[in-house]
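Here's a quick walk through one protein model, helix by helix and then residue by residue. Have a look at the sequence and the fold before reading on.

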Amino acid sequence: MTLSRRKFTKLALLSGASSATSSGIFFPKPAESFNLDFLIKDATSRQMFAGLIVYAGVKLIDTAFPPKPTTEKVITVAQNTLTENGFTEQRTEYGEIRDQSIIWGDEKQEFDPDISSNIPNPGFAIANNLDYYVPPSIFTASTVVGINTASKVLKEQHGLYPTEVGELLLPTHEISEDIGTWQGDNDPSIGNNPKAGFTIYRAKGAEVTRRYDRISEKLGKIQMYIDSPNYRGTITTNVRFSV
């Protein structure tokens, strides 16, 4: 069964964060699971983009690359969404995914009240290069970091090729707009959800569920549950907001 982001999040909130974890409704016990630490200072758009190149099969496009006319329109739509939400700094180069979609990132400095400091929030967009009618995908904050750290695990621990990793983790196939902060998701359509967030999206070869919790002022937890014939499991990232 495929749930929309809105339906999934409402169901998760009604079920309660603790039951969503313990019952296995949203995160069934995987055959394998991994935990790794991540420092928030490294959550820059350029470092995230570099990780996608190394681990998720994103191919760097020459900065002089002229996008196709239809792709340029989709890029403009996606960039406008990023800009309207404050992602206007440290723009990356364009990258190309195996299906010829174009990916790039921006960043905003987000004030974190828990540590009284600015921290980076990376925002990424994927524009379909073959079909103008497929809306761009937008993902930020915990989803970007979760994808990057999970990419590293799948390549280094499981020996998957970067293109295979990208097909398991990079959003595609359907509308995916996941704009959040390090305080949790920020979607007024699902109600107030402080310091927690859920999203579900489809990649080319998997369905991915991302859950984020701000555990304390110093720690956040990202869980990426990947459901695919090629890999089924949860990869958890412990985001350290203070060393």
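## Two helices side by side

Axes here are lines fitted to C-alpha atoms, for helices over the stretch in contact, and angles run from 0 to 180 degrees between N-to-C directions. The crossing of α3 past α5 is left-handed, meaning the near helix is turned anticlockwise from the far one by less than a right angle (right-handed if clockwise).

On the α3 side, Q47, M48, G51, L52, V54 and Y55 do the touching, and their partners in α5 are V144, V145, I147, N148, S151, K152, K155 and E156. Contact means heavy atoms within 4.5 Å. Sorted by type, the residues of this α3 and α5 contact come out as 7 nonpolar, 4 polar and 3 charged. For that sorting, Ala, Val, Leu, Ile, Met, Phe, Trp, Tyr, Cys and Pro count as nonpolar, Asp, Glu, Lys and Arg as charged, and the others, Gly among them, as polar.

## What you're looking at

This is a predicted model, so local features need pLDDT of at least 70 and side-chain atom pairs count only at pLDDT 80 or more, while totals for chains, interfaces and linings use all residues. Residues are numbered from 1 along each chain as its sequence is written, and side-chain values use heavy atoms, with hydrogens and water left out.

The protein chain has 6 helices and 13 strands; these are DSSP runs numbered from the N terminus (helices are H or I with at least four residues, strands E with at least two). Of its 243 residues, 51% are buried. Buried means under 20% relative accessible area, exposed means over 50%, and partly exposed is in between (1.4 Å probe, protein chains only). Among contacts with a separation of 6 or more, 61% link residues 24 or more positions apart.

## α5 has another neighbour

Helix α5 also packs with helix α6 (residues 162-169), at an angle of about 140° and with the axes 10 Å apart. That makes α5 oblique to α6. This time the crossing is right-handed. I147, A150, S151, L154 and K155 of α5 meet P162, V165, L168 and L169 of α6, and the contact of α5 with α6 divides into 7 nonpolar, 1 polar and 1 charged.

## Residues to click on

Start with I147 in helix α5. I147 counts as buried, at 1% relative accessibility. Not counting residues up to four places away in sequence, I147 touches L52, F139, L169, L170, P171, Y201 and M224. I147 and G51 are 96 residues apart in sequence, yet their C-alpha atoms are 9.5 Å apart in space. N148, also in helix α5, is buried at 8% relative accessibility. Beyond its neighbours within four places in sequence, N148 contacts Q47, M48, G51 and L52.

Over in helix α6 sits P162, partly exposed with a relative accessible area of 23%. Neighbours within four places aside, P162 is in contact with V54, Y55, A56, G57 and K155. P162 and L52 are 110 residues apart in sequence and 8.6 Å apart in space, C-alpha to C-alpha.

## Two positive phi values

Most residues other than glycine have a negative phi. A141, in helix α5, has a positive one near 45°, and A141 is buried at 1% relative accessibility. S116 has a positive phi as well, near 50°. S116 belongs to the loop between β4 (102-112) and β5 (117-127) and counts as exposed, at 56% relative accessibility.

Conventions:
Angles under 35 degrees count as roughly parallel, over 145 as roughly antiparallel, 65 to 115 as roughly perpendicular and the rest as oblique.
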